[in-house]
Amino acid sequence: MAAASPSPSATRRDAAPDDDRPLVQIEEVVLRFGSKTVLDGISFTVDRGDRLVVMGQSGGGKSTLLRLVIGILKPTSGRVLFAGTDIARLSRRQLNAMRARLGMVYQYSALISSLNVRDNLALPLEELTEKSTAEIDELIRARLAAVDMSGSEDKMPSELSGGMRKRIGLARALMLEPELILYDEPSAGLDPVTSSVIDELIIDTSARTKSSAIIVTHEMESAFRIATRMVMLYQGKIIADDTPEKFRNSDNEVVAQFVSGSTQGPIGEAAHERT
Amino acid sequence: MVIGAIGHYVRTFLQTVSSLIWLLIDMVAEMGDHISRGRLPFRRSVFFEQGERAGLGSVPLVCMVSFFLGLTMALLTGYQLRTFGTERLVPGLITIAFWRELGPLMTGIILAARIGAAFTAELGTMTVSEEVEAIEAMGLGPLRFLVAPRLTALVLLMPALVVMSNLAALFGTYMICQISFNISGENFLDLVMDALILKDVVLGMAKSLLFGVIIGLIACYSGLTVKGGAAGVGNATTRSVVLTITTVIGVDTFLNMLQVNVLNN
Ligand SMILES: Nc1ncnc2c1ncn2[C@@H]1O[C@H](COP(=O)(O)OP(=O)(O)OP(=O)(O)O)[C@@H](O)[C@H]1O
Ligand SMILES: [Mg+2]
């Protein structure tokens, strides 16, 4: 384990030997459901500290992409590497250990409906760490305060609004201080103020814990606010992978149309052709 | 055409069976991972919650059905046997029938309907709302966390419920023997004890454990493989109940044939 060079990587949170490699590498990944090709040979990397925004049409395979990264789905072909290892080759135990280093914020929150907020947040800590109840409760208080949901410990998920659930889902993903957080449309369905709060929280979290993030979003404003890099998924392929500035001024027709939200352009035409 | 259809059914059947076996193997593996980290395989609270629901909650229904079944059987067989003057055989007959066969079968059918449906609906709802996936994505092992406590509770409670079913049936028989056939309490007890042999008891208990595994596995599997929202949960629940009940009856018949034809007793 002597590979930690005196490069900037040595000062990062945990200077593992694989630190110089990108945290996530997607290599030529194809994913089919039956005869339907959802992802058609995509490649990109997420470096440590990156906040990568993934954009694309509804039904374009963005949630599917996140599921590949967390190992819920296996690619039809191609490889998904986390910290340099192909996750398809991990044993069940290794895969679960890897998942503990990841946090996922679900599009529809996916809180455990039979558990109250406190128990939902405590779940990963109780099951995977040796922390005492007092430590866990302390952590939960802090996380709830961070998402502006203090005092909601005893509420059941069904008693919360969609936006509140989303914030609890976010708090849950942060409980284990993951190295990589996957956000599936974190600000969809929230009012503009809460949405900005969530954006701030995403940026804050990644800066404070030196974690990386992959964020799927449709909201252009928050995309440009959060992103250090952006990719655009279109018809199963990555058609653009760039910095936010370059993205905003892209001459790619599809990207330009998506950024401006115009009805005129290749996206609408393609949709018409398909129907 | 017919052969094609049969082929299709055989294939689906084999696929389902192998999926169930894999579910069991994966569950045990996930539990092993967790135990190797010095932890209980699943939460005690979930286990007791499920046990209370599956066990305590089923006692009234199991007892009531068995009581009336025992009573009716005693009445019907008794009147037939009386024409030969052998109504004294009734207690022994019911004893053997229930300990060896009807207790596990009735309890199995009742639990398949009651608990099988509950497991499928619950896990199905969790599946469509992505809760199961979230549990998996956290690295908690959904089979260990969700299936194991349910299955264990059900399997451990089956024998206890079968004993209750048998006792309830004998109580019904006792009442009929008192009222219609003039068999005294003491006499009744002797007749029952004479008929009750260890092998039947062991066989009945073994069957009840097996039925517990079958019901739990099919119900949980049906729940975890739900597709298509709330309607999907409804369909899966209906299908799960039908499948568990027919499987329990089918396996029971198969075991009886095996016992009679191969083992000759
Ligand atoms: N388990 C599955 N089985 C079959 N098809 C699936 C499955 N999951 C997703 N799909 C299909 O894959 C495509 C991509 O789905 P996905 O949920 O990844 O889209 P998305 O980009 O997240 O869309 P949205 O923005 O609406 O959430 C869809 O057409 C969907 O029907
Ligand atoms: Mg999605």
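**Close-up views of a predicted model**

**View 1. β6(A) lines the largest cavity.** With three residues, β6(A) gives the largest share of the lining of the largest cavity. Strands are DSSP runs (E, at least two residues) and helices are too (H or I, at least four), numbered from the N terminus. A cavity is a set of points on a 1 Å grid over the protein atoms alone where a 1.4 Å probe fits but cannot get out, and lining residues have an atom within 4 Å of a point. This is a predicted model, in which local features need pLDDT of at least 70 and side-chain atom pairs pLDDT 80 or more, while totals for chains, interfaces and linings use all residues. Residues are numbered from 1 along each chain, chains are lettered from A, and side-chain values use heavy atoms, without hydrogens or water.

**View 2. Inside the largest cavity.** The structure holds four cavities of 30 Å³ or more, and the largest has about 130 Å³ of space, a volume being the space filled by probe spheres set on the points. Among its 14 lining residues, A:Leu102, A:Gly103, A:Arg172, A:Ala173 and B:Met138 are the closest to its centre.

**View 3. Two helices of chain B pack together.** Here α1 (residues 2–36) and α8 (residues 198–224) of chain B meet at an angle of about 95°, with axes 10 Å apart; axes are lines fitted to C-alpha atoms over the stretch in contact, and angles run from 0 to 180 degrees between N-to-C directions. So α1(B) is roughly perpendicular to α8(B) (65 to 115 degrees). In contact (heavy atoms within 4.5 Å), residues of α1(B) including B:Leu20 and B:Leu23 meet residues of α8(B) including B:Leu217 and B:Tyr221.

Terms used:
1 Å grid on protein atoms, 1.4 Å probe; cavity = no way out; pocket = protein on both sides within 12 Å on 5 of 7 lines; lining within 4 Å. Parallel < 35°, antiparallel > 145°, perpendicular 65-115°, else oblique.
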